[in-house]
Amino acid sequence: MNRDEIKGKIDKAKGYAKDKAGELTNDPELEAEGEIERGTGAVREGFGKAKRKVQKGVEDVAEAADDDRR
């Protein structure tokens with residue numbers, strides 16, 4: 001897990017808390033803010049996962065190329 005995935009998960013959790021707090025206090029602005037934060041957290045987490053997969057793929061290609069040279 002990389003930094004983007006962790007920060008994305010944290011943003012999603014904070015957004016969920018704001019969303020629920022907005023529902024409980026009947027504050028549509030806080031609720032909307034929470035929904036937006038959850039969305040941006042999900043995007044950031046997805047970016048982190050994609051970045052990790054690309055890095056793994058590059059490492060696999062480099063390893064295969066190194067094996068071919070031997």
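1. Aspartate 11 is placed in helix H1, residues 3-24; helices here are DSSP runs of H or I with at least four residues, numbered from the N terminus. The model is a predicted one, in which local features need pLDDT of at least 70 and side-chain atom pairs count only at pLDDT 80 or more, while totals for chains, interfaces and linings use all residues. Residues are numbered from 1 along each chain as its sequence is written, and side-chain values use heavy atoms, with hydrogens and water left out.

2. Aspartate 11 is buried yet lacks a salt bridge, and the nearest side chain of opposite charge, lysine 14, is 4.1 Å away. Buried means under 20% relative accessible area, exposed over 50%, and partly exposed in between (1.4 Å probe, protein chains only). A salt bridge requires a side-chain nitrogen of Lys or Arg within 4 Å of a carboxyl oxygen of Asp or Glu. Lys and Arg count as positive and Asp and Glu as negative; His and the chain ends are not counted. Beyond neighbours within four places in sequence, aspartate 11 contacts Glu37, Arg38, Gly41 and Arg44, a contact being heavy atoms within 4.5 Å.

3. Aspartate 19, also found in helix H1, is buried, with a relative accessible area of 4%. Not counting residues up to four places away in sequence, aspartate 19 touches Leu30, Glu31, Gly34, Glu35 and Arg38. With arginine 38 it forms a salt bridge, the closest N and O atoms being 2.7 Å apart. Because arginine 38 lies in helix H2 and aspartate 19 in helix H1, this pair ties together parts that are 19 residues apart in sequence. Arginine 38 is partly exposed, at 33% relative accessibility.

4. A further salt bridge joins glutamate 37 and lysine 18 (2.9 Å, N to O). This pair likewise links distant parts of the chain, glutamate 37 being in helix H2 and lysine 18 in helix H1, 19 residues apart. Glutamate 37 counts as buried at 12% relative accessibility, and lysine 18 as partly exposed at 26%.

5. The buried residues of H2 are Gly34, Glu37, Gly41, Glu45 and Gly48, and they pack against H1.

6. Glutamate 45 and lysine 49 form a salt bridge (3.8 Å, N to O). Both lie in helix H2, 4 residues apart, about one turn of the helix. Glutamate 45 is buried, with a relative accessible area of 5%, whereas lysine 49 is partly exposed at 36%. Lys9, Lys12, Glu45 and Lys49 are linked in a network of salt bridges.

Definitions and conventions
Helix = DSSP H or I, 4+ residues; strand = E, 2+ residues; numbered from the N terminus.
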